[in-house]
Amino acid sequence: MRQLMSALLYTALLGVANLGAAQPADIADLRSGDMRKLVFHAAPVAASDAPFTHEDGSEMVLADLQGRYVVLNFWATWCAPCRIEMPHLSALQTALGGDDFEVVTVAVGPNPLPAMQRFFDEIGVANLPLHTDARQRFARSMGVLGLPVTLILNPEGMEIARMQGEADWSSDSAVAIITALLDDAG
């Protein structure tokens, strides 16, 4: 119960803090459609060091992903909006994935690997990882209370933006935002 209250407080404070959050003007101008829900933080926010499970069964942490921009998506096999959103995340990975950028997906809660593989097969996704957070420790430590939630992490592993709910991550707006971040870093 204490963890739930902490997560609720964290999310509430994050939401209030983001009401007036500054964001780079060029990126703010790129937000349209679903991407208008993407909230950039006034300053990068430290990400959790809680572990989650790599698709190969080993333990990993977000620090393992440092050195590139990451779109980090929390989802579940029972999440209807996730079924709609996941192909868009896959398309974003296809379009921009590489040494400087990666889409990383983490299934939250009890999502057996065969069910996750079947979910991806049914929606035609073959290029996203099947990482898991079965006990939801990682998701809770990141303030994730509903699904889907998608974060953007900078190459230092800090959270710079967050979106609650599904979105078309393959839209021109989403691609333009990620491209602008990559251009600014390069």
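Biologist: Which exposed residues does the face of H4 turned away from its buried side carry?
Modeller: This is a predicted model, in which local features need pLDDT of at least 70, side-chain atom pairs count only at pLDDT 80 or more, and totals for chains, interfaces and linings use all residues. Residues are numbered from 1 along each chain as its sequence is written, and side-chain values use heavy atoms, with hydrogens and water left out. Buried means under 20% relative accessible area and exposed over 50%, with partly exposed in between (1.4 Å probe, protein chains only); helices (H or I, at least four residues) and strands (E, at least two) are DSSP runs, numbered from the N terminus. On the face of H4 turned away from its buried side, the exposed residues are Pro114, Asp121 and Glu122.

Biologist: Within what arc do the buried residues of H4 fall, seen down its axis?
Modeller: Ala115, Met116, Phe119, Phe120 and Ile123 are the buried residues in H4. They line one face of the helix, because their arc, taken from the directions from the helix axis to the C-beta atoms, spans 135 degrees.

Biologist: Where is serine 173, and at what distance does its side chain reach the backbone oxygen of leucine 30?
Modeller: Serine 173 has its place in helix H6 and is buried, with a relative accessible area of 7%. Leaving aside neighbours within four places in sequence, serine 173 is in contact (heavy atoms within 4.5 Å) with Leu30, Arg31, Ser32 and Met35. A polar atom of its side chain lies 3.0 Å from the backbone nitrogen of serine 32, while the serine 173 side chain reaches the backbone oxygen of leucine 30 at 2.6 Å.

How values were computed. Polar contact = N/O pair within 3.5 Å; in protein donor to acceptor, adjacent residues only side chain to side chain.
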